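Please read this briefing alongside the sequence and the 3D view.

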Amino acid sequence: MKTFRIILGTLMAAWAIGINADSKTSTVIDGIEIDKDLTKLKFNGNTVTLSFSDNSSIEADMKFVSIKIRHATSAIDDVIADPQKPSGIYNLKGQYLGTNPKNLSAGFYIVNGQKVYVK
């Protein structure tokens, strides 16, 4: 999540100072520079999917991805988080208990992302 905030902050800073359209973005994954225009980032846990202007995409662990914006805005128009609603039943230790709430003993649980108390 910290990496997401750094990337988002960098993108917002570039937009805020009104840099011109002659930008150059540099995308590096595990030390290898990708020579394509980055258009979209999608986060899922520690994995990020990078989409490029040629309609190709690459999935990578966030700790191996570095994006630098040099002297202008990038081809990225928006950073949109696609929240994924968790499904199933979990106890407070995070252990998955299935999907049927009828067999639960009394206590607190997380059911489909919501805190629930079972009497």
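**Confidence and conventions**

The mean pLDDT of the protein is 76, and 65% of the residues score at least 70; pLDDT is the predictor's confidence in each residue, from 0 to 100. This is a predicted model, in which local features need pLDDT of at least 70 and side-chain atom pairs count only at pLDDT 80 or more, while totals for chains, interfaces and linings use all residues. Residues are numbered from 1 along each chain as its sequence is written, and side-chain values use heavy atoms, with hydrogens and water left out.

- Over residues 16-21 the pLDDT stays under 50, and the model has seven contacts beyond four places in sequence for them; contact means heavy atoms within 4.5 Å.
- Where pLDDT is low, the predicted coordinates should not be read in detail.

**Overall make-up**

- The protein has one helix and ten strands, with elements defined as DSSP runs numbered from the N terminus (helices H or I, at least four residues; strands E, at least two).
- From the N terminus on, the order of elements is α-β-β-β-β-β-β-β-β-β-β.
- Of the 119 residues, 28% are buried, where buried means under 20% relative accessible area, exposed over 50%, and partly exposed in between (1.4 Å probe, protein chains only).
- Among contacts between residues at least 6 apart in sequence, 42% join residues at least 24 apart.
- The accessible surface comes to about 8600 Å², and 51% of it belongs to carbon and sulfur atoms; the areas come from the Shrake-Rupley method with a 1.4 Å probe, and for residues only the protein chains shown count as cover.

**Nonpolar cores**

- A nonpolar core is a set of buried Ala, Val, Leu, Ile, Met, Phe, Trp, Tyr and Cys residues joined through side-chain atoms within 4.5 Å.
- The largest core has twelve residues, including I29, I34, L38, F43, L50, A60 and I67.
- Strands β3 (38-44), β4 (47-52) and β6 (65-70) are the elements that give two or more residues to this core.
- A second, separate core of five residues includes I89, L104, Y109 and V118.
- Not counting residues up to four places away in sequence, I29 touches I34, L50, I58, A60, F64 and V65.
- In soluble globular proteins, nonpolar side chains tend to be buried together.

**T27**

- T27 sits in strand β1 (residues 24-29) and is buried, with a relative accessible area of 0%.
- Apart from neighbours within four places in sequence, T27 is in contact with I32, E33, I34, L38, L50, S66 and I67.

**Loop residues with positive phi**

- D30 is found in the loop between β1 and β2 (32-34) and is exposed, at 54% relative accessible area.
- Phi of D30 is near 50°, a positive value in a residue other than glycine.
- N112 lies in the loop between β9 (107-111) and β10 (114-118) and counts as partly exposed, at 35% relative accessibility.
- Phi of N112 is also positive, near 50°, in a residue other than glycine.

**Surface patch**

- L92, F108 and Y117 form a nonpolar patch on the surface, with about 370 Å² of accessible area together.
- Patches are made of residues with over 30% relative accessible area and no salt bridge, with like charges joined within 9 Å and nonpolar side chains (Val, Leu, Ile, Met, Phe, Trp, Tyr) within 5 Å; a salt bridge is a side-chain nitrogen of Lys or Arg within 4 Å of a carboxyl oxygen of Asp or Glu.
- L92 lies in the loop between β7 (89-90) and β8 (96-98) and counts as exposed, at 62% relative accessibility.
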